[in-house]
Amino acid sequence: MSVVTTPVRQDIGGTGAKTLNRIVIYGLLALFALFYLMPLFVMLVTSFKTMDEIQNGNMLALPRAPTLEPWFKAWGETCVGLTCAGIKGYFWNSIKMVVPAVLISTLLGALNGYVLTKWRFRGHTLVFGLMLFACFIPFQSVLLPMATILGSLGRFGVTLQNATGFSFGLGNPTVNLVFVHVVYGLGFTTLFFRNYYEAFPTELIKAAQVDGASFFQIFRRIMLPNSMPIFVVTVIYQFTNIWNDFLFASAYAGTGDSMPMTVALNNVVNTSTGVVEYNVNMAAAMIAALPTLLVYVVAGRYFVRGLMAGAVKG
Amino acid sequence: MSTVAETSMTLTPEHETRPSASVRSRLQDALPKIVLAPSFAATIVFVYGFILWTIYLSFTNSKTFPSYAITGPRAYQRLWRWTFESDPPSSWYTSITNMGIFGFLYIFICLALGLFLAILLDQKIRGEGMLRPIYLYPMALSFIVTGVAWKWFLDPGLGLEQTLHQWGWTSFHFDWIKNKDFVIYTVVIAGVWQASGFIMAMFLAGLRGIDGEIMKAAQIDGATTFQLYRRIVIPLLRPVFLSAFIVLAHLAIKSYDLVVALTSGGPGGSAWLPSNFMYEYTFKRNEMAVGSASAVIMLMTITAIIVPYLYSELREKPR
C-alpha cells in the first residue's frame, strides 16, 4: 500500500502531468462556457448591427457601428401580425399578467404550506400528494376543458356587461391567464412553502397558541417574518415560469391586443412578409428576455434554489 | 361537492383544544381547513376534473366543437392505426418516434454532460463562481427567446455554416434544421443547451454533499482518480441521478415551445413531439377527439414515471 497523502480531489502524478491536467480542465470548462454563452452573444451583437452589416458580415463579429435603432424599432414600430406598434403593448400585457398571478399564487402557497405543516389533519399527505402531482401533468391534458370553461365565462361576462355595465373581468384574456397561472402554479408554491415550514420549529407555534394567538396571528406575526428566503425563491420561480409560458398564452390569448410577450415575439419572428429584419427580431427577443435575465443576474442564487426545491422533493 | 368531504377530516390533537365549544372556537378549529379548501378544490376541479373531461372527450366524436355522445375508442384506434398501417407514416407516428429519439438523447446527454461538467467544476476551480451562472442561465430564459438565436445559428444560409465558409472551410455542410430526417436532432441540441447546466448544478450539489473522508480513504488505498469516480463517487450520486432523470423526463414530455420556436414544427411537421401534435389537432385541424386521445397518452406516460416516484418520496418520511 503506497502512502499517498495528496489532498482530496487533486490529481495524483508528477507536477508536469498535473499542470497538463489543469490546462485540459480549464480548457474544457472555457469551451463549454462559450457553448452556453454563444446564443446570447449572437443575439446581443446582432441587435446592435445594421441590416447591411448583418448581410455582409460575420455573425460572431462585434458591431462596427453599434446602433440602438433596432431596439427602438422593436419597442415601438415593428409589426406583430397586422398591427405595427412595436412590442411595448405586449410587454405591459405580460407585466399585468405576471404581477397578480405571482402574488396570488405565492400567498396561497404560503397559507397552504402553513396549514399542511402546522395544522395537520388526517389525510394531509394525500392532499399534498394530489396537489404535487398537478405540477407534473402535461398541460395538454387540461388545455381543452379550460378553453371551454373560459369561453363560457367570457359569454357570461358579455351578458353581465349588458345587464350591469360591468363584466367583472370575465372574458378578459389577461384575467383568464392570471387565473390559469394561479391554478396551475399552486402545486409548486405549496410545495416550496410546505418543505420550508416543515423545518420550522413547531414548539414556537404551540407556545403562541398557549398565549392565545389565533391562526392568522401566528401566520402573520411568526411565520411571515421568518419566510423571507422562501418568498424570494417562490416569487422568482413563479415569475420566470409565468413570464416564459407559451402554451397557455397561445391557447387562451393567442391573437389580438392581449397577447403576452412570448406569443407576440413568436409572431414577430415568424412573420414572413417583406424583408426579415434580423436585428429587430434579436432586439425584440432581448427585450423579452430582459426581465427574467435581470432577475437571474440579481438573485441567481435564489433562482437555483427554487429549481432545486422543485426537483428534489420530500 | 365531494371535495369538501375530503378536506373536512378531523384535526389531530396537535393544537390546544379548548373546553368551551363556542362558535368562535369551532370556527378557529375549522379555519385551517377552510383556508386550504379553495386551493384543494381548485386542484380537484381544474386538474383532476379536467383530466377526466379530456379522457371523456377522447372517447367521443368531437371535431371542431365538443360532442358528448360516447362513440367508443375510435380516436385511439385511429391514432394507432395511422401509426402502424399507414404509408407514408402519419404525423402521430412522427411525433412518437421523435419523442423516443428526443427523449432518449436529451435525457442521456443532459445527464452525461451535467455529470461531466460537475466533476470538472469540482476540481477546486478558480472562477467557479463565474462559470456556474454561465452554465445555468439558459434555464431562466424562455425558449421562444433563445429559439430566435438558435434558429439563426443553425440556419445554413446565415449561421454556423455561413460563418465557417467565411473563415475558409467551404466544404462544411450543416443543414439539419431544414432536413426533415435530422431536424429533431437540432431540437436535441437546443434542449440540451437549455437544461444541462441545471443538471450540472444538481450533480455539483450532490458532489459537495459527499463525505471527504471516504474520498481520502480511497486515495490512501491507491485508487486512481478514474477509479475513485467510477467506483465510489458515481454510485453515491444515485439519488441525484434519479431526481435528475425525473426532472428531465417530465421536461422532455412537456417540451412544446422548443419545437415551435426553433422549427415552427419543421418541414411538414417533421419535428413534432406529441405536445405539438395535440395542439395542432385540437386547435388547428379541428380533430378534438384525436387531440384529446393524444393528450391522454402523454398524461399516462408521465403518470407511469411520476407516481411511483412521488409515492416513494412521500412515504419514506411519514411525518
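Q: What share of the contacts in chain B with a separation of 6 or more joins residues 24 or more positions apart?
A: The share is 66%. A contact here means that two C-beta atoms, placed from the backbone, lie within 7 Å. In chain A, 71% of the contacts between residues at least 6 apart in sequence join residues at least 24 apart.

Q: How do you know how far to trust the coordinates, and which numbering applies?
A: This is a predicted model, in which local features need pLDDT of at least 70, side-chain atom pairs count only at pLDDT 80 or more, and totals for chains, interfaces and linings use all residues. Residues are numbered from 1 along each chain as its sequence is written, while chains are lettered from A and ligands numbered from 1 in the order in which they are written.

Q: What does pLDDT say about chain A, and where is it under 50?
A: pLDDT is the predictor's confidence in each residue, from 0 to 100. Chain A averages 85, and 93% of its residues score at least 70. Over residues 1-12 of chain A, pLDDT stays under 50. The model has 22 contacts beyond four places in sequence for that stretch. Where pLDDT is low, the predicted coordinates should not be read in detail.

Q: Which elements of chain A have the lowest and the highest mean pLDDT?
A: Helix α2 (residues 51-56) of chain A has the lowest, 80. Helix α4 (residues 88-118) of chain A has the highest, 93.

Q: How many helices and strands does each chain have?
A: Chain A has 13 helices and zero strands. Chain B has 14 helices and zero strands.

Q: Why is chain A called more spread out than a compact globule?
A: The radius of gyration, taken over C-alpha atoms, is set against a globule rule of 2.2 Å times the number of residues to the power 0.38. For the 314 residues of chain A the rule gives 20 Å, and the radius of gyration is 25 Å, well over it, so chain A is more spread out than a compact globule. The C-alpha atoms of chain A fill a box of roughly 85 × 70 × 35 Å along the principal axes.

Q: What do the C-alpha atoms of chain B fill?
A: Along the principal axes, they fill a box of roughly 85 × 65 × 35 Å.

Q: What makes B:Ala149 count as buried?
A: The cut-off is 20 or more other C-beta atoms within 10 Å of the residue's own; 12 or fewer means exposed, anything in between partly exposed, with C-beta atoms placed from the backbone. B:Ala149 has 27 C-beta neighbours inside 10 Å, so B:Ala149 counts as buried. B:Ala149 lies in helix α6 (residues 143-154) of chain B. Beyond four places in sequence, B:Ala149 touches A:Pro39, A:Val42 and A:Met43.

Q: How do you know that helix α12 of chain A is mostly covered?
A: Nine of the 10 residues of α12 (residues 261-270) are buried. Among them are A:Met261, A:Leu265 and A:Val269. Across the whole of chain A, 45% of the 314 residues count as buried. In chain B, buried residues make up 39% of 319.

Q: Which residues have the most contacts inside the largest nonpolar core?
A: A nonpolar core is a set of buried Ala, Val, Leu, Ile, Met, Phe, Trp, Tyr and Cys residues joined through C-beta atoms within 7 Å. The largest has 180 residues, and A:Ile87, A:Leu265, A:Ala284 and A:Ala285 have the most contacts inside it. Leaving aside neighbours within four places in sequence, A:Ala285 is in contact with A:Met43, A:Leu265, B:Val145 and B:Val148.

Q: How many residues does each chain give to the contact between chain A and chain B?
A: Chain A gives 83 residues and chain B gives 98. On the side of chain A, helix α13 (residues 278-311) has the largest share, 15 residues. By class, that side has 56 nonpolar, 22 polar and five charged residues. Ala, Val, Leu, Ile, Met, Phe, Trp, Tyr, Cys and Pro count as nonpolar, Asp, Glu, Lys and Arg as charged, and the others, Gly among them, as polar.

Q: Where are the domain bounds of chain A?
A: Domain 1 is 14-67 and domain 2 is 68-311. Such bounds come from an automatic or database domain assignment. The C-alpha centres of the two domains of chain A are 34 Å apart.

Technical notes: Helix = DSSP H or I, 4+ residues; strand = E, 2+ residues; numbered from the N terminus.
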